[in-house]
Amino acid sequence: MEEILSVQNLCKKYDELVVLDGIDLSIKKGEVVVIVGPSGCGKSTFLRCLNGLEDIQDGKVIHDGEVINPCSGKLNKVREKIGMVFQSYELFPHKTVLQNMLLAPLKVKKADKKQAEKEALGFLDRVGLLSKKDNYPRQLSGGQKQRVAIMRALMMQPDILLLDEITAALDPEMVREVLDVVISLAKEGRTMVIVTHEMSFARAVADRMLFFDEGRIVEEGSPEEFFEHPKTERLQKFLQSFSYAR
């Protein structure tokens with residue numbers, strides 16, 4: 001498969017605190033990479049570095065042959081191609097669902113309004129939210145907000161979708177409806193990098209698993225290898241902390 005993103009010796013610090021310590025990673029087009037690890041190990045910071053939301057102190061992030069530089073003035077173009085969905089939804093409260101969907105395509109991509117609206121309605125219909133198009137975020141459940149946020153990111157037609165703990169703020173009964181959307185995107189062959197604490201979901205959706213600890217990739221492998229035959233004692237202990245039956 002064609003490489004779509006390359007991370008080379010990525011290092012990130014906050015003052016003297018090392019958050020990411022020499023990350024190397026290659027992601028292929030159509031691949032779903034799932035990152036797990038303890039709180040504070042650098043997972044979310046890593047995603048934010050991939051599309052320039054965080055600056056880095058050393059190393060490179062290369063997308064489609066071009067180095068991502070937070071100081072280059074080209075970050076809007078980068079974020080068109082590397083979309084991100086956050087656990088906190090980030091929907092504009094004063095805009096309807098449809099207006100939230102249309103904002104970036106119209107303002108950033110200068111898309112045709114009629115065509116963009118048709119695409120937005122199609123995305124909403126796909127996730128069962130067409131009837132909510134004129135509602136405001138406050139009128140939606142957490143699961144509905146997150147489904148809108150995912151579809152909004154797809155409106156920009158990104159090469160890669162970054163998903164950061166997208167079920168962390170949801171009640172348990174709402175988690176499934178969001179994860180089903182992500183699984184359907186994986187089946188379509190969308191390239192995704194996902195940070196999650198939902199182990200069963202991770203196993204179902206991933207092509208490759210990464211275990212982060214203390215700012216490093218400690219272990220990686222296929223879901224079967226990762227869950228059934230963890231090589232490091234650190235990953236073994238981490239998996240035992242979940243009620244996941246290996």
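Trainee: Which strands does helix α1 lie across, and at what angle does it run to β1?

Mentor: Helix α1 (residues 43-50) lies across β1, β2 and β4 (58-63), and runs at about 120 degrees to β1. Axes are lines fitted to C-alpha atoms, for helices over the stretch in contact, with angles from 0 to 180 degrees between N-to-C directions; contact means heavy atoms within 4.5 Å. Helices (H or I, at least four residues) and strands (E, at least two) are DSSP runs, numbered from the N terminus. This is a predicted model, in which local features need pLDDT of at least 70 and side-chain atom pairs count only at pLDDT 80 or more, while totals for chains, interfaces and linings use all residues. Residues are numbered from 1 along each chain as its sequence is written, and side-chain values use heavy atoms, with hydrogens and water left out.

Trainee: Why are β2 and β5 said to stand at the edges?

Mentor: The four strands form an open, antiparallel sheet in the order β2-β1-β4-β5. Strands β2 and β5 (66-67) each have a single partner strand, so one side of each is left without a neighbour in the sheet.

Trainee: How do you know that R216 and D21 form a salt bridge?

Mentor: A salt bridge is a side-chain nitrogen of Lys or Arg within 4 Å of a carboxyl oxygen of Asp or Glu. The closest N and O atoms of R216 and D21 are 2.8 Å apart, so the pair qualifies. R216 in strand β10 (residues 216-221) and D21 in strand β2 (residues 17-28) are 195 residues apart. A search of the whole structure finds 15 salt bridges, and K12, R48, E54 and D55 are linked in a network of them.

Trainee: Why is R208 called buried, and why does R216 count as partly exposed?

Mentor: Buried means under 20% relative accessible area, exposed over 50%, and partly exposed in between (1.4 Å probe, protein chains only). R208 has 14% and is therefore buried, whereas R216, at 46%, falls in the middle class. E31, at 8%, is also buried, while D21, at 30%, is partly exposed.

Trainee: What do R208 and E31 tie together?

Mentor: Their side chains meet in a salt bridge (2.9 Å, N to O). R208 lies in strand β9 (residues 208-213) and E31 in the loop between β2 and β3 (32-36), so the pair ties together parts that are 177 residues apart in sequence.

Trainee: What makes a set of residues a nonpolar core, and which members of the largest one touch the most others?

Mentor: Such a core is a set of buried Ala, Val, Leu, Ile, Met, Phe, Trp, Tyr and Cys residues joined through side-chain atoms within 4.5 Å. The largest has 50 residues, of which V34, I150, V182 and I194 touch the most other members. Helix α6 (residues 172-187) gives the most to this core, with eight residues. Leaving aside neighbours within four places in sequence, I194 is in contact with residues including V32, V34, L163, V182 and F201. A second, separate core of 28 residues includes L50, I68, L75 and M84.

Notes: Pairing = 2+ DSSP bridges.
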